[in-house]
Amino acid sequence: MHRKASPSLVPLRPYLFKTFLAPALKLFEVATELLTPFLIRYIIDEGIAKGNMGLALGLGGVILSFAFLGFGITLFAQYLSSRVAADYGHALKGAIFEKMTLLSEGQLSRFGKDKATTILSSDSFNMQSGVNMFMRLIFRPPFLLIGSFALSFLIDYRAGIIFGAVILLSALIFLVVILVSPRKYGAIQANLDEISSHANDSLRGARHIRAFNQEEMEEARFSQSLLSYERKNMGMAVYNALVSPGTFFLVDLGMILVVYLGGLAEGGGILTTGEIVSLISYLTHSLQAMVMFSRLIVSLNKAMSSKKRIDAFLSLTPDIVDGDMKEIPAESKVNLLEFQDVSFSFGEKGDREVISGISFSLKEGGRVGLIGPTGSGKSTLLSLALRLRDPSHGKVLFRGIDERELSLPQLHRAEGYVSQKPSLFKGTIRSNVLLGRPGASEGEVIQALKDAEAWEYVLKWDDGLDHPVEEGGANLSGGQRQRLLIARAFLRGSPLLVLDDSLSALDYLTERKILDRLRERGMGLLLVSSRVGSLRDMDEILFLEDGRISARGSHEELLERSEGYREIYEMQRGSVA
Amino acid sequence: MKKLDFRAIKGLIPYLKGSKRLLFWTILSVVVSTGSKLAIPYVAGKAVNEILERGTGAELSLHFILMAIFLVLGTLLGYLFQYLTSLIGQKVIRQARSLLYESLLLCPIRTIDESSKGDFVNRMLVDVENIQTGLVAGLASFLEGVVTILVTMGFMFSLNWLLALIVVVLTPVSLLVSRAISKFNSKHFKGQARSQSALVGYAREGLENSETVRAYELGEERIAEFSRLNEENRKDAFRANMGASLINPATRLVNSLINAILIFVGAATIILETPLGIPFLVGDLSSFLTYASNYMNPFNEISNVMSEIDYAVASFRRVDALVRTAREEETGDQELSRAGALSAEDVRFSYVPGKEVIRGFSLAPAEGKRIALVGPTGCGKTTLINLILRFYDPDSGAFLLNGSPITSYRRSDIRKKVGMVLQDSWIFQGTVRENIAYGKPEASLEEVKEAARRAQASSFIERLPKGYDTLIGEGSALSKGERQLISVARVLLLSPEIVILDEATSNIDMRTEALLGRSFRALMEGKTSIVVAHRLSTIVESDLIIVLKDGEIIEQGTHRELMERNGFYRSLYSAQFE
């Protein structure tokens, strides 16, 4: 049977050799550690007991050189494991981030953005330390155990049997923990996601929480999640706490039995003092090995549940992919953008269609406006035009070619877009505008800002273009943000501009100026607006209701044909008059 | 004896709330269980001696009964210790997250506006867990280590003071080695935590704007920048890991050297038969060697834990810095029974010193009036709302309520009187019903439905899979307009004395807006209201229209007065319908 490697482990592949080399090297250290008690037995029984100081000194020298040799080799192994863990963590985080950029908005929302963040922050970290612990500890404890067992058998078979029993029973304790933990850990992680998304909500809604005086309620709700997190963790701790005292019990019981055995046998001369000392030393080694092993298991357990989450994320395949055709026709006599009977639903077939049977076209430099009640599917229609989503039925054509066949980067370059959200990144005014077309000159940036009616306010800052912008433009007003986003789209200079109610925070004068400038530049425009005033000059206005075009035409035509449109217009006029 | 960051540990005290009694039991259990565990080799050694002396064994002597008692005691209390340590750790996690959350709720809005959200969440998730593994579990191991060392020392001195002295004198060598390494590590751990957090913050920002990232093909560029941050993190991670992994082998090496010395000296004392008045038998040597390794092991353990503690201290500092963020102070506690007249006297305000955004805003006392704020984008409308709701306070001048500056009331008292819809609508993880009933959690389903109906939101809500019980949140597929309607319903459920609408309908279509108009009129009936809108049709009926530009009032009056005046307002107004 051929199994595909789990995606979270793929980044480890280049380091596979090192991954097993390091633990293999550690075997040398184990060997030196195991031999030491064996030699000590001779020092005591043959050297001390018989007064042979020379033998004792010689063997002592051997022990010491073993210690140094083991140390040197271990250093190299530790270097390897630190290196590999860091390299692996690096590659894994890179892969996660790349996946974040490749997946479509729809996929990210479905998966959960908070969950994706946790995968990058704590899950990848758990995997990284899991690999580190694996390399450092995977061979050492079991070989210490097995070696101690074998050597104790050599000393006395009855001691060996006691050993075997101790090891088996300890393994049983570990088994319980290994079986119980992962199941509990999944629920704990789910709870952590809840805490994370609550904290995110509260950060975004800080003003709302205060304005509604709901601080206490939020705190109570949050405490509830925290309490449940604590309880679930303690449900796991009940088992995890067994490991250390349980192994202690078994090992010490073994030790007592060895002494008792020595007592039984001393008369018969089976176990010498040296043998007892080295047996006890082996038992102590075993105890240490088991403690180490339990630490490894806790860490690997954590890594395993993180691995599941990372795998689930990494095995998502992007649903919006590059087409074969790499070139977009420079200019064409056919339409710039055309929708042919396009429908879209979010989920499986049979789900409610958000968009149904939409057909329209937009010429080079043409302008189409969309208006309609909230929830009528305007934004979804735009995301189909931008190929942020693919239609469930029908085609979206750009310059006569199905968008799914076009090269995605080329298509995106040909379509400027301003979302409803203030998509500004931490940086400066300059860096944010430059995202429209990296490499543009300063003059071009300034021109774009001027065209977007933003230059005036940028000039008011001493640092002008280098004025800092916070995440999401938190330090700017709504109108400033929108104008900055428009400037970015201007700089892109694409033949089509898609605006999703992106002028809503601007006053009418400013909006008018910006729209005029667009026309001067001959850019095609697909505009969603809730203001009739903004739409008057459009070549065609689509009136959307429940995902369908309920009426279409120029402003005048619509006034004549569509009662709904006229109603909006009249209401606006009426309240004015 | 060991370099521990005591200040950080002392700082931990507020996080131990509710677990102080547990702390006592933890310490008791670790002392008794460790003592019992360590008594076993002592008794075992005596048993060996006894066996050797008598030359026979077989019968269950008192020694073996004692060992059995110690074994059971050590196991049970050892379990208790483990369990309690987890419990305290979990309580600290809970308390730390709760304190972080509290500071999020109580810090000035400015702090939140200026901070990175990804970073905050990272502290709450990752750093807090680090505190548990490092500071709590770490300190527990530390405690266990210290108790072990003390008890072992007692047993060793009672067995052979000369050997004990050698152990005690030489062990610090292994300490010095690990201390030197962990001191070196501390800064790498800090570096790792920092670069990790930068990484996550960067990714978060991209996730939140994923549509723009795709439409602008920012993927490659962002991957490049991420790689740079990631590369930094790789270096930090390697250094931190390498440093941490040096400690164990280094101390193990030192310990085997010490062990070798012990065997030689021990052998000598046995062969020489009671030198310096030390009675030392072969059975004693075996228990002594057990103690010597028991004595040194905790040092290993401690040095192991030290690097975790270092990492945790770095995390703790980051958490504690946020927890200690200045709380918003109340500036007065005058009673506010009824929100009467609202006025303003020469209010001035700047977000950044020297850059005034509001330049002398005044308002004659208004009660039960509809006031509208209009003006070009960026003229300071939203800032004024921020000031009235006291998200920020003016640099000079004041808003007054009932003739007293609003700073003389408690913030919550003012906000209780105000119902507002803010520009950026907010939907949190919860059902539609919970979202609407946010300001009045006790509201019945009927009330919620009624509010939704009046907010024109009922038709789309009823089409959701589970109606009012549908779970919604930041990532759900609601449009901006739908989110806004839910925010409107939230306010319609309340009966505030002052109503503030900041672009409440900017993403809502005209028809819905017109229908909403009726509900808004009913809400504002007889109450003081402040409406910000650029769709001027919505504010023509206002009692007072204030026209702002660049933070200054340039015109004010009723719609008719302003139209007659033929000034800025008129040009704004005509632009809409030309």
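Helix α5 of chain B is kinked by about 35°, with the kink centred on B:R123. A bend at a residue is the angle between axes fitted to the seven residues ending there and the seven starting there. The model is predicted: local features need pLDDT of at least 70, side-chain atom pairs count only at pLDDT 80 or more, and totals for chains, interfaces and linings use all residues. Residues are numbered from 1 along each chain as its sequence is written, while chains are lettered from A and ligands numbered from 1 in the order in which they are written.

**The kinked helix**
- Helix α5 of chain B covers residues 117–159, which is 43 residues. Helices (H or I, at least four residues) and strands (E, at least two) are DSSP runs, numbered from the N terminus.
- From first C-alpha to last, α5(B) reaches 60 Å, close to the 63 Å expected at 1.5 Å a residue. The expected span is 1.5 Å times one less than the number of residues.

**Around B:C107**
- B:C107 sits in the loop between α3 (62–106) and α4 (109–114) of chain B.
- Is B:C107 buried, exposed or partly exposed? B:C107 is partly exposed, because 18 other C-beta atoms lie within 10 Å. The cut-offs are 20 or more for buried, 12 or fewer for exposed, and in between for partly exposed, with C-beta atoms placed from the backbone.
- B:R324 is 217 residues away along the chain, yet its C-alpha atom is 9.4 Å from that of B:C107.
- Leaving out residues up to four places away in sequence, B:C107 touches B:I112, B:T325, B:A326, B:R327 and B:E328. Contact here means C-beta atoms, placed from the backbone, within 7 Å.

**Chain A and its sheet**
- Chain A has 20 helices and 12 strands. Of its 577 residues, 54% are buried.
- Six strands form an open sheet with mixed pairing, in the order β6-β9-β10-β3-β11-β12 (chain A). Two strands pair if DSSP finds at least two bridges between them.
- β6 (415–418) and β12 (548–553) of chain A are at the edges; each has a single partner strand, so one side of each lacks a neighbour in the sheet.
- β3 (residues 367–371) and β10 (residues 524–528) of chain A pair in the parallel sense over four bridges. In this pair, A:R367 stands opposite A:L525.

**Where the chains meet**
- The contact takes 150 residues from chain A and 138 residues from chain B.
- On the chain A side, helix α2 (residues 53–102) gives the most, with 24 residues.

Methods
Two residues are in contact if their C-beta atoms, placed from the backbone, lie within 7 Å.
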